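Subject: Structure handover

Hi,

Here is the structure I promised to pass on. Please open it first, then read my notes below.

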Amino acid sequence: MPRCSYTHETFFKYSLSAYPHDISNEYDISNQCWISDVGNFGSKESPEYRCVLHAPQDKDPIDRTDWRIAARKSKQSEKLRALLDEWSADNKSYERNYFRNAFVLPGLNCGAINLSGNNFSEGIIFDFAIFSGDVTFSSSTFNADSSFKSVVFKGNVGFDSSTFDRDACFDSAIFSKDVSFKSVTFNNNAVFGDATFGKFACFNSAIFSGHADFDSATFSDPIDFKSAIFRGRATFEYALITNIVDFESASFNGDTIFASTVFSYGAFFKSTTFIGYTTFSSATFNHETLFLNTTFDSTTIFQDCRFKFAPQFHNAKLHQDTDFRGAKFEDKTSYYAPAAYRTLKLAMGKVQSRKEEANFFAYEQESLRHQNDTPPSVKISSALYSMLSDYGRNFVRPLGWLLGITSGFMLLYSVLLKIDVKPIEQYPFVIQFTIEQVVRPFNIWTTKGAEKISTMIDGNILLFQSIATVQSLLSITIITLFLLAVRRHFKLS
Ligand SMILES: [Zn+2]
């Protein structure tokens with residue numbers, strides 16, 4: 001009796017534990033398909049026997065009319081369903097799981113199929129399959145490992161309210177249309193690494209008890225993770241999310257890794273709870289980012305993150321060990337930026353993270369300068385504050401300014417004295433006079449001070465007094481900024 005000539009290493013891998021059981025070596029230790037209901041897709045002289053699920057997509061069999069291309073999709077669905085029913089009934093006759101066999105059929109081709117409400121009592125291995133129609137496994141239970149590795153789902157896919165008792169593997173799977181895992185329960189690991197979600201992906205209220213692995217997955221349309229529960233580790237490392245992702249009211253209980261994840265559109269973490277260690281290190285947020293009412297109960301890392309829009313953390317509860325080192329906040333212009341940075345400033349102040357508090361204060365001030373309703377006087381003083389001491393973050397800069405301004409005034413006094421054609425020995429006087437305006441401001445207005453300069457200057461004393469006053473005022477301002485910056489830098493509490 002001929003047997004389907006399709007070969008795949010997966011058959012060999014599972015050959016000792018796979019259906020059909022009790023095979024008297026007929027199907028054993030082989031990488032060949034086990035189905036013997038076949039058609040000839042070759043010629044009479046050199047036949048190529050294939051089952052309907054492994055039939056060449058562009059050929060009709062020469063020995064049967066019921067498997068013609070036009071009608072084949074429904075035949076495939078019928079066959080797959082019949083085989084699964086047969087397998088299921090067969091497994092039921094075994095009382096102990098130990099003797100049950102996995103259903104292994106890699107590389108199959110199938111049209112639309114509805115397997116809702118099924119119980120898969122042993123493992124199912126559909127790796128590298130192509131489902132060209134809608135596939136539904138809603139409310140099904142998978143008692144053993146289920147593998148859909150590299151499967152191509154061309155239609156809509158539904159796993160709503162299904163339960164996976166053991167590992168579910170969708171590694172490198174391609175979901176071309178909408179996919180729904182709403183209220184699904186993964187009692188062990190759920191692997192979606194390198195998977196491609198071409199359309200809407202719904203994981204609303206899903207429960208992930210083991211490792212939820214979405215590393216390097218690609219999402220092109222909106223994703224709904226609202227109210228999802230991640231009990232174990234959740235990883236989205238290097239995932240590429242090019243549309244809105246919504247984690248509203250989701251809870252992450254284990255380590256949560258969004259390292260190097262790219263959020264190209266809105267990233268919504270409203271009322272989300274992060275209980276374990278959480279990292280967004282080197283993640284990129286290219287659009288609106290909301291952490292409203294979010295709770296971070298453990299170490300949270302935003303190191304080297306890039307926020308193109310000001311992230312909004314209003315009413316969020318940040319952990320004391322929250323790290324924004326190297327994070328880039330590029331948005332200084334949007335209308336909500338000042339409030340967003342103010343919130344982060346207050347939050348960082350609350351956990352006594354002074355350096356980050358100072359940074360967010362600077363971002364807040366910088367954003368305020370770009371708001372239309374900010375008065376010009378505030379904008380100017382803010383710009384000066386930025387220029388003179390980088391909003392109190394740099395205490396060396398004011399010293400530089402003091403040195404520069406003092407030198408400038410010294411030059412100005414020299415020029416003025418030269419106009420008065422004074423001899424060169426006036427210079428020690430100029431130096432002394434300039435420094436005096438820094439260390440003894442306004443002394444020039446006393447009778448003694450005025451007398452002193454009148455001995456050196458023939459002309460207008462009032463002009464000198466006025467310029468000296470400007471110098472004193474500027475110096476006092478800069479020295480004050482210097483002291484404030486030093487105080488801020490070394491403040492312990
Ligand atoms: Zn086959």
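Which residues of H3 are buried? They are Ala337, Pro338, Ala340, Tyr341, Thr343, Leu344, Lys345, Ala347 and Met348. Buried here means that 20 or more other C-beta atoms lie within 10 Å of the residue's own; exposed means 12 or fewer, and partly exposed is in between, with C-beta atoms placed from the backbone.

Before the rest, two notes on the source. This is a predicted model, in which local features need pLDDT of at least 70 and side-chain atom pairs count only at pLDDT 80 or more, while totals for chains, interfaces and linings use all residues. Residues are numbered from 1 along each chain as its sequence is written.

**Overall shape**

The chain has nine helices and 42 strands. These are DSSP runs, numbered from the N terminus: helices are H or I with at least four residues, strands are E with at least two. The C-alpha trace spans about 125 × 45 × 40 Å along its principal axes.

Of the 493 residues, 40% count as buried. Among contacts with a separation of 6 or more, 31% are between residues 24 or more positions apart. A contact means that the two C-beta atoms, placed from the backbone, lie within 7 Å.

The domain assignment gives domain 1 (225-374) and domain 2 (396-490). Such bounds come from an automatic or database assignment. The C-alpha centres of the two domains lie 48 Å apart.

**Sheets**

Pairing requires at least two DSSP bridges between the strands. Within this sheet, S36 (residues 284-285) and S40 (residues 306-307) pair in the parallel sense over two bridges. Phe285 has Phe307 as its bridge partner in S40.

Another open sheet has nine strands: S5-S9-S13-S17-S21-S25-S29-S33-S37, again with parallel pairing. Strands S5 (113-114) and S37 (289-290) are at its edges, each with a single partner strand, so one side of each lacks a neighbour in the sheet. S17 (residues 179-180) and S21 (residues 201-202) pair in the parallel sense over two bridges. There, the bridge partner of Ser180 in S21 is Cys202.

**Cores and H3**

The largest nonpolar core has 113 residues. Such a core is a set of buried Ala, Val, Leu, Ile, Met, Phe, Trp, Tyr and Cys residues joined through C-beta atoms within 7 Å. Phe126, Ala168, Phe170, Phe175, Phe197, Ala201 and Val245 have the most contacts inside this core. Helix H3 (residues 337-350) gives the largest share, six residues. Apart from this core lies another, of five residues, including Ile478, Leu481, Phe482 and Ala485.

Back to H3. It has 14 residues and reaches 20 Å from its first C-alpha to its last, close to the 20 Å expected at 1.5 Å a residue. The expected span is 1.5 Å times one less than the number of residues. Helix H4 (354-369) is part of what covers the buried residues of H3. Just after H3, Gln352 takes a positive phi of about 55°.

**Loops to look at**

Pro106 is in the loop between S3 (103-104) and S4 (109-110). Pro106 is buried, with 24 other C-beta atoms within 10 Å. Beyond its neighbours within four places in sequence, Pro106 contacts His8, Thr10, Phe11, Ile125, Asp127, Phe128 and Ala129.

Phe128 is itself in a loop, between S7 (124-125) and S8 (130-131). Phe128 counts as partly exposed, with 18 C-beta neighbours inside 10 Å. Its phi is near 65°, a positive value in a residue other than glycine. Most residues other than glycine have a negative phi.

Ser161 also has a positive phi, near 60°. Ser161 sits in the loop between S13 (157-158) and S14 (163-164). With 20 other C-beta atoms within 10 Å, Ser161 is buried.

Best wishes
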